[in-house]
Amino acid sequence: MAMYLLQPHLHHAEDAPPPRSRNPLVRFQRGFEAGFEAIRGGYRDLLTLAMQRRPVFVIVFLGFVGASFLLLPYLGQNFFPSVDAGQILMHVRTQIGTRLEESAINSPTCRR
């Protein structure tokens, strides 16, 4: 197994693409690296465009920051619905025929 996995590396020219591999992990790694380089190149192009047009970038950025202040009224609001705090749900087992008033009086947690 080690002889198969640890085969000597074949050196190739920098400009030439690496030889095709049957190993799915190698193919996944090469695909991931190609996609990452594409995203990195696009980001570099976007930064270059922003630096070439600085006044436009600054105006758009400040407009975005100013528009984000419109969200101030929503700060502190929860995403959960309001809850009726007076509603309590309890599951209690008592002897058959016990009245509610009697079970509350004899309860060890009930204090008068």
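A residue counts as buried under 20% relative accessible area, as exposed over 50%, and as partly exposed in between (1.4 Å probe, protein chains only). With that in hand, welcome to this structure. This is a predicted model, in which local features need pLDDT of at least 70, side-chain atom pairs count only at pLDDT 80 or more, and totals for chains, interfaces and linings use all residues. Residues are numbered from 1 along each chain as its sequence is written, and side-chain values use heavy atoms, with hydrogens and water left out.

**The overall plan**

- The protein has 4 helices and 0 strands, where helices (H or I, at least four residues) and strands (E, at least two) are DSSP runs numbered from the N terminus.
- Reading from the N terminus, the order of elements is α-α-α-α.
- Of its 112 residues, 2% count as buried.
- The accessible surface is about 12100 Å², and 64% of that belongs to carbon and sulfur atoms; such areas come from the Shrake-Rupley method with a 1.4 Å probe, and for residues only the protein chains shown count as cover.

**Helix α2**

- Helix α2 covers residues 24–52, and its 29 residues should span 42 Å at 1.5 Å a residue, which agrees with its end C-alpha atoms being 42 Å apart. The expected span is 1.5 Å times one less than the number of residues.
- At the start of α2, a side-chain oxygen of N23 comes to within 3.0 Å of the backbone nitrogen of L25. This is a polar contact (a pair of N or O atoms within 3.5 Å; within protein, one must be able to donate a hydrogen and the other to accept it, and residues adjacent in sequence count only if both atoms are side-chain atoms).
- The structure holds 1 salt bridge, meaning a side-chain nitrogen of Lys or Arg within 4 Å of a carboxyl oxygen of Asp or Glu.
- E37 and R40 form a salt bridge, with their closest N and O atoms 3.3 Å apart.
- E37 and R40 are 3 residues apart in helix α2, so about one helical turn separates them.
- E37 is partly exposed, at a relative accessible area of 43%, and R40 is partly exposed, also with 43%.

**Aromatic rings**

- There are 3 aromatic pairs in the structure. Rings of Phe, Tyr and Trp (its six-membered ring) pair if their centres lie within 6.5 Å; planes under 30 degrees apart count as stacked, over 60 as edge-to-face and the rest as tilted.
- F57 and F61 are a stacked pair, because their ring centres are 6.3 Å apart and their planes meet at 20 degrees.
- F57 and F61 both sit in helix α3, 4 residues apart, or about one turn.
- F57 is partly exposed at 44% relative accessibility, and F61 is partly exposed at 45%.
- Ring pairs also link F28, F32 and F36 into a cluster.

**Helix α3 and its surface**

- A nonpolar patch of about 940 Å² is made by F57, V58, F61, L62, F64, V65, F69, L72 and L75. Patches use residues with over 30% relative accessible area and no salt bridge: like charges are joined within 9 Å, nonpolar side chains (Val, Leu, Ile, Met, Phe, Trp, Tyr) within 5 Å.
- L62 lies in helix α3, residues 54–68, and counts as exposed because its relative accessibility is 53%.
- S68 is also found in α3 and is partly exposed at 34%.
- A polar atom of the S68 side chain lies 2.5 Å from the backbone oxygen of V65.
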